Number of protein chains: 4
Amino acid sequence: MLRYFTAGESHGEGLVAFLSGLPAGLAVDQVFLNRELWRRQQGFGRGGRMKIETDIVRILSGVRNGATIGSPIAIVLENKDWKNWQESLPVEEGDPAKHKRVASPRPGHADLAGALKYNFSEARYVLERASARESAARVAVGGLAKLLLRELGIEVLSHVVAVGGATLKKEISWEQIRGLSELNEVLLNCADADAEQQMKEEVDKVLRTGDSVGGIFELVAHKVPPGLGTYAQ
Amino acid sequence: MLRYFTAGESHGEGLVAFLSGLPAGLAVDQVFLNRELWRRQQGFGRGGRMKIETDIVRILSGVRNGATIGSPIAIVLENKDWKNWQESLPVEEGDPAKHKRVASPRPGHADLAGALKYNFSEARYVLERASARESAARVAVGGLAKLLLRELGIEVLSHVVAVGGATLKKEISWEQIRGLSELNEVLLNCADADAEQQMKEEVDKVLRTGDSVGGIFELVAHKVPPGLGTYAQ
Amino acid sequence: MLRYFTAGESHGEGLVAFLSGLPAGLAVDQVFLNRELWRRQQGFGRGGRMKIETDIVRILSGVRNGATIGSPIAIVLENKDWKNWQESLPVEEGDPAKHKRVASPRPGHADLAGALKYNFSEARYVLERASARESAARVAVGGLAKLLLRELGIEVLSHVVAVGGATLKKEISWEQIRGLSELNEVLLNCADADAEQQMKEEVDKVLRTGDSVGGIFELVAHKVPPGLGTYAQ
Amino acid sequence: MLRYFTAGESHGEGLVAFLSGLPAGLAVDQVFLNRELWRRQQGFGRGGRMKIETDIVRILSGVRNGATIGSPIAIVLENKDWKNWQESLPVEEGDPAKHKRVASPRPGHADLAGALKYNFSEARYVLERASARESAARVAVGGLAKLLLRELGIEVLSHVVAVGGATLKKEISWEQIRGLSELNEVLLNCADADAEQQMKEEVDKVLRTGDSVGGIFELVAHKVPPGLGTYAQ
């Protein structure tokens, strides 16, 4: 059974991804993993942080001579930004004057609930963990899982079908989704250019007001053998 | 609920310890953690590796300004020996000629079963994980757990009561066990000097024949409130 | 930590619900649990089975003198229909001629995947478990969880906001959702009579063609203290 | 993955055993399961309760036509004694005058810790769960697991090697352990008649003083393929 954990803060030394349960002998294609991380960082309307970081897997354990060895895998994704935060987020006790308070909890985030949970007087430490950056660690784990599935002929991809009021209206084939995944410029990962243009307009509209907008993506798993998983518990 | 995982190989870049579930605001005393790691490395009759490594926690996440922040904790214990193994255990594909085979599986170890499990032609990768060195990561996790218990007035210590045929015959008080834990020279962690001398002789005896010898230790948890845990499931 | 499991088949002796982790001393209001089970059985356009069964909790363990005692709770929901199935679904080996095959796998169900998973020549045993009837056991467990939450002043209710193309368009207050939950006639659990009428028409439309139709419900948890749960893992 | 849970009280309606994860199509030999339950009830120096109960599996779910069907298995082991306890341990609120208090917590049991944990004024409800009778449910689950292992040619048996100061001194073969398991009179499950006689004397000695005595048994798993399990986490 595969199990994963993640650790790490948005402006700490890095994100850490941990996966146990992969069999030994699985080829670990770091180019593929790094491309998955690169794709996570693309998109239209992303925050400025995306320009600072370029995630690269640094594999600490579980992979030797290009393949898994049966041991748990630990991966570090270093935060380039860490050098600017070492004084305000030191592991050892630091200078309180350097601390960067988040006194105004962001709506739609964990800031307020997290600060109340742990009785923090502001939300810095909540923001550090409840951060989109954490998803980089999950992408690394997911990339490893995809390498295992690839050996079994299974492929998992996704595409965006709605952003705000703009929706994809055409039928999209597996080949088109695959084509999307191979592009070297990623906007909103929608397979239809017209729909994607409308989605971009939805993003632009809310960006002007300092708001954000939700969307829907469809996840497609290709060549999954019937009977995988269970209906029984 | 606390959950922990470990990763890392005996001669890889390092051991990795993960712990999630600690509340925020717990002071993290690195001196205490490093002493726990130091104590693991002591003892009479240990292998030569103990002289190479001096474990020091390098906390990657979960601790800021000397205290936990509610995020999962990741700790790396670097292997000093890694510099001598980078060519034979590289993450990327390396030179097969540099590989150090373990062609003769050690009795009483996972070598044979592990090699059969993963269809390895020798046991190097098994030895790398099924190694006493992995326990360093568990000591780091255990040290963090002890810091939590310390806040609640609970202390957990142990002492050795038998090695081979040599057994402790005296009643040992909590104060004596505590005294043992404060010593700066650790032999076999037995509270009675005579018994410890006999235990050392048991170790010497088997060392001469290239064998090893088992023992028994007693673990004492002090000031545990009644009702902790469950009898129900 | 609460943990639950369910067992039981749609036409077997009954459904079994299991819950461990409730503290001792929680009053167990069987009238409430049975009303929850009754509500599950209501609704517009349900199958004929609903008329056969009237679920009543039979508590085997974990509750004594009207309250939890700290032991795991096991509940049996007997299938009235079992008396008609004993010959075709006996525990001991039975007469193959009495077996009721499901040779035509139902679309949108687990039938085909389940039969392939376990190499069954037909889908009877899959249907027996992948059955809406199983949800009765989950309602029983959920009812117990609601009794615990009630002690903490937390209430969890839901209402239907869309069926097929028919959607609720009005804002609904907590009091209206609560009012819905107290009704003794349950159609589609929509708080707006006009919208519910349109939803019924959506159901009628698909019933005529032997099809079914999806919907959306909104779940509201009232008086949840901020900070419950975690953002950290 | 197999998962099991148990529920039920010592003097309640019965013990309940749950097991999920068995594949479909495994023959369920109830004669074998009942013999396992019978063996649990044997032994020298057991309490009087053993004479009251004769455990028989009543399979509620997961087995049809003599074999597993992939659904979770629920088994009830009815307590014959329940008829004498219905008034003092009713599910619904009962007559407090009928309650059988356990005001004197038994040493070496969960009574005191359990009563403190749940703030009971006496230990009846603790005793009901922290009871050797609960192990009957585990034997039922273990029996099912043995049936799965049997298909793979694996057999798991045990024998007693020490009771108090009396120890087995001879080497015992697999055939002797197997012979023990086939006996229809079970005393202390020791393969050497002389050693068993000494063990009985140890039991007799403590019985006279109202005490009990510990022992050691050896568990042997036969024909386990190397590589089962893991050394990696």
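D:Glu13 and C:Arg58 join their side chains in a salt bridge, with 2.6 Å from N to O. Please keep in mind that this is a predicted model. The count of salt bridges between chain C and chain D is 4, and the area buried between these two chains is about 3,700 Å².

**How the two copies are related**
- The same surface serves both copies, as 98% of the contact residues of chain C recur in chain D.

**Where chain C meets chain D**
- Contact involves 43 residues of chain C and 42 residues of chain D.
- Carbon and sulfur atoms give 56% of the buried area.
- On the chain C side, C:Arg64, C:Asn65 and C:Val91 lose the most area to chain D, together 20% of what that side buries.
- There are 22 residue pairs in polar contact across this interface.
- Several elements of chain C each supply at least two residues to the side touching chain D, including β3 (58-61) and α4 (124-129).
- The largest share of that side, 5 residues, comes from β1(C).

**Inside the chains**
- The largest nonpolar core has 23 residues, and D:Ile75 and D:Leu144 touch the most other members.
- β2 (14-20), α1 (30-41), β6 (73-78) and α5 (134-151) of chain D each supply at least two residues of this core, with the largest share, 7 residues, coming from α5(D).
- Beyond its neighbours within four places in sequence, D:Leu144 is in contact with residues including D:Leu19, D:Leu33 and D:Ile75.
- Another core, of 22 residues, lies apart from it and has A:Leu19 and A:Ala136 among its members.

Definitions and conventions: Residues numbered from 1 in each chain as written. Chains lettered and ligands numbered in written order. Predicted model: local features only at pLDDT ≥ 70, side-chain atom pairs only at ≥ 80, totals over all residues. Heavy atoms only, no water. Contact = heavy atoms within 4.5 Å. Core = buried A, V, L, I, M, F, W, Y, C linked by side-chain atoms within 4.5 Å. Buried < 20%, exposed > 50% of the residue type's maximum accessible area, 1.4 Å probe, protein only. Helix = DSSP H or I, 4+ residues; strand = E, 2+ residues; numbered from the N terminus. Buried area = accessible area lost by both parts, 1.4 Å probe. Polar contact = N/O pair within 3.5 Å; in protein donor to acceptor, adjacent residues only side chain to side chain.
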